[in-house]
Amino acid sequence: MIGFQYYRPDNLEIASEMLIKNGIYTHILNGGTDLIERIKDETVKADILVDIKGIETLHEIDFCEDDGLYIGACVTLKDLINSSIVKEKYRILIDSMESIGTERIRKRGTVIGNICNGSYLGDTLTTLIILDTEVMIYSYSRGERQIPIDDFLTWTGTTSLKRGEIVRGIKIPYNGYIDGGFIKIYKNKNQLSIANLSIGKINDEYRIAFYMPGTTPIRIREVEEFLNGREVTEYDIYKVAKIAEKKLLEKDSFNLLKKEDIKQIKDLIKYVFLAFSKKPD
Ligand SMILES: Cc1cc2nc3c(=O)[nH]c(=O)nc-3n(C[C@H](O)[C@H](O)[C@H](O)COP(=O)(O)OP(=O)(O)OC[C@H]3O[C@@H](n4cnc5c(N)ncnc54)[C@H](O)[C@@H]3O)c2cc1C
């Protein structure tokens, strides 16, 4: 039988202290869409759940051009999808958030829960990476730290969070108009995705990031460097797809990507960059 103690503190200090003072089976509960499923199927053991939704400051969304977008840990995916500021300034994020689960999941699930899972199935990760997101972390014993999301995600399914640390929110800089999209690669329909990819153009700078099992999410900087400052031609786009293919194969330590997956990814890369190159300024 599954049984655990449940606490709902109203400040971060107490929440973090509870994590430090209790054993490894004490977990933070946010939207619970992932954690509760894992407790039910017994892949996670839980003695104590510390629900952080009672902490008012974690529900804030804030934006200004100098500091960018701040998203508190408990802001739901649905609230972000419906936020006028996200629609207007960070449209690319909506693509990845809308692809998460169902309406019911998005109503409870959070973008912070998505990154804390650290899973290659986490749909927001590659988009947050190309947006240069910073993760803001609090601990009762260590104080505050802020790190780039690339350093936060340490390996498939793991993060750099230490015992007692809580992600209080994320910060996404504002660098002007962002264009681009998010793509999931499925092995076949009705199955979980095996990889995801985000491509963006921020002002005139291209960004591309990719995530699959057996690696950390990666920016394909070779593609970005090749394209930046260049008047992109159709030939360049074929070259870009080739560079990306080389990088993906290098990173595919589990040999997950088959010929047809690589072809699908290359076609998608070509399609998106072609759309960029044809778009009037
Ligand atoms: C049916 C179903 C479909 C799904 N489909 C998708 C999908 O298509 N794509 C996708 O990416 N995900 C999917 N998910 C997974 C999940 O819904 C998302 O990852 C969601 O964003 C998790 O957010 P949450 O707030 O519910 O996290 P929770 O379940 O509350 O927490 C997830 C993990 O993060 C930790 N955590 C949460 N908040 C913090 C914090 N502030 N500081 C430190 N640690 C924290 C928790 O302790 C837990 O280990 C699906 C889940 C279900 C059940």
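Which strands does helix α1 lie across, and at what angle does it run to β10? That was my starting point today. I'm working from a predicted model, so everything below is about that model.

**Entry 1: helix α1**
I looked up α1, which covers residues 12-21, and found it lying across β6 (134-139) and β10. Its direction makes an angle of about 125° with β10.

**Entry 2: the sheet**
Next I traced the sheet that β6 and β10 belong to. I wrote down five strands in the order β4-β5-β10-β6-β7, forming an open sheet with antiparallel pairing. β4 (61-64) and β7 (143-148) are the edge strands, since each of them pairs on one side only.

**Entry 3: strand by strand**
I went through some of the pairs.
- β4 and β5 are joined by four bridges, in the antiparallel sense. I picked out D62, and its bridge partner in β5 is Y70.
- β6 and β10 pair antiparallel over five bridges. Here I found M136 opposite G169 of β10.
- β6 and β7 pair antiparallel too, over six bridges. E134 stands opposite P148 in β7. These two strands make a hairpin, and three residues sit between them.

**Entry 4: V75**
I then moved to the loop between β5 (68-72) and α3 (77-81), where V75 lies. Buried or exposed? V75 has 20 other C-beta atoms within 10 Å, and 20 or more is the cut-off, so V75 counts as buried. Leaving out residues up to four places away in sequence, I noted that V75 touches H59, I61, L80 and T110.

E42 has a phi near 65°, and N203 has one near 50°. E42 is in the loop between α2 and β3 (48-51). N203 is in the loop between β12 (193-202) and β13 (205-211). E42 is exposed, with 9 other C-beta atoms within 10 Å. N203 is exposed as well, with 9 other C-beta atoms within 10 Å.

**Entry 5: domains and the ligand**
I sketched the protein as domain 1 (5-53), domain 2 (56-172) and domain 3 (178-278). The C-alpha centres of domain 1 and domain 3 are 36 Å apart.

Which residues come nearest to the ligand? I counted 30 residues around the ligand, and N30, G31, G113, N114 and C116 come nearest. By type, the shell splits into 13 nonpolar, 13 polar and four charged residues. Domain 1 and domain 2 each give at least three residues to the shell. Among the elements that supply at least two residues each are β2 (26-29), α2 (35-40) and α6 (103-108). β10 (166-172), from the sheet I traced above, is another of these. The top contributor is α7, with five residues.

Notes
Residues are numbered from 1 along each chain as its sequence is written. This is a predicted model: local features need pLDDT of at least 70, side-chain atom pairs count only at pLDDT 80 or more; totals for chains, interfaces and linings use all residues. A residue is buried if 20 or more other C-beta atoms lie within 10 Å of its own, exposed if 12 or fewer, and partly exposed in between; C-beta atoms are placed from the backbone. Two residues are in contact if their C-beta atoms, placed from the backbone, lie within 7 Å. A residue is near a molecule or strand if its C-beta atom, placed from the backbone, lies within 6 Å of it. Ala, Val, Leu, Ile, Met, Phe, Trp, Tyr, Cys and Pro count as nonpolar, Asp, Glu, Lys and Arg as charged, and the others, Gly among them, as polar. Domain bounds come from an automatic or database domain assignment. Two strands pair if DSSP finds at least two bridges between them. Axes are lines fitted to C-alpha atoms, for helices over the stretch in contact, and angles run from 0 to 180 degrees between N-to-C directions.
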